[in-house]
Amino acid sequence: MSFKSLTQLNQVAVDCRLCKRLVEYRESVTPKSKYKNEEYWKRPVLGFGDPKAHLFILGLAPSAQGGNRTGRIFTGDASGDFLFQVLHQAGYANQSTSTARNDGLELIGCYITAAVKCAPPQNKPTPKECMSCSQYWTQELHLLKNVTAVLCLGKFAFDAFYTYANGKTKREDKRPLFKHGGIYALDGLPTLHASYHPSPQNTNTGKFTQKMFIEVLENIRHLKAPPRV
């Protein structure tokens, strides 16, 4: 499916019911007690950001109590708390918090989306679900004409992007190993950057720190000639 604009894409994506397992799960999520008075989104969670973005950030999927609740990716959960604190420090966001769709957050020079638009059980989409949903994020990337760098948060997003890259270039190159801070130049595509995912299991244990993420973003902002893969 091809879209002429992000608006058209979002109008279709927000009503998507292609993946039965994901639809059933997102709609069956039980609110946590502290959110019991909130109306959960329970639909596909759209990408958002600067339409003139040079940086395209690709995550895994919305969380059940985060994006699936608030209706915006990386919003209302611990991963988003970490992510936007650093994006704000790096000048990619106008504020350091992301709590609700109407909280005033704006992105500057970047756009954020996910490889899978619906919250998956145990945060684990199937390969088939990832392939079905790829029609949305790949079109987002296509419609954002100024993107020069793609930042994949975690191995799942990294693998999803590399599958797309191989199909786009018609080459079955050996997939490089995922490595935090890795930089990969791909023929005819934006430079690919890899980072750990800002999940609590990474950030709370010290595996992934704000300093590490700032370094990745600085590389993206200043790198001139990435190595070939």
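Which residue forms a salt bridge with lysine 211? The model is predicted, so local features need pLDDT of at least 70, side-chain atom pairs count only at pLDDT 80 or more, and totals for chains, interfaces and linings use all residues. Residues are numbered from 1 along each chain as its sequence is written, and side-chain values use heavy atoms, with hydrogens and water left out.

View 1. Lysine 211 forms a salt bridge with glutamate 215, and their closest N and O atoms are 2.7 Å apart; a salt bridge here is a side-chain nitrogen of Lys or Arg within 4 Å of a carboxyl oxygen of Asp or Glu. Both residues lie in helix H8 (residues 210–222), four residues apart, which is about one turn of the helix; helices (H or I, at least four residues) and strands (E, at least two) are DSSP runs, numbered from the N terminus. Lysine 211 is exposed, with a relative accessible area of 58%, whereas glutamate 215, at 41%, counts as partly exposed; buried means under 20% relative accessible area, exposed over 50%, and partly exposed in between (1.4 Å probe, protein chains only).

**View 2. Arginine 69 and glutamate 38.** These two side chains meet in a salt bridge of 2.9 Å, N to O. Arginine 69 lies in helix H3 (residues 67–70) and glutamate 38 in the loop between helix H2 (20–28) and strand E1 (48–49), so the pair ties together parts that are 31 residues apart in sequence. Arginine 69 counts as buried at 6% relative accessibility, while glutamate 38, at 37%, counts as partly exposed.

**View 3. Lysine 117 and glutamate 140.** The closest N and O atoms of this salt bridge are 2.9 Å apart. Because lysine 117 lies in the loop between strand E3 (110–114) and H5, and glutamate 140 in helix H5, the pair ties together parts that are 23 residues apart in sequence. Lysine 117 and glutamate 140 are both buried.

**View 4. The largest pocket.** Its volume, the space filled by probe spheres set on grid points joined across faces, edges and corners, is about 520 Å³. On a 1 Å grid over the protein atoms alone, a pocket is an open set of points where a 1.4 Å probe fits, with protein on both sides within 12 Å along at least five of seven lines, and lining residues have an atom within 4 Å of a point. H7 gives the most to the lining, with three residues.

**View 5. The second largest pocket.** About 290 Å³ of space lies in this pocket, and H5 supplies the largest share of its lining, six residues.
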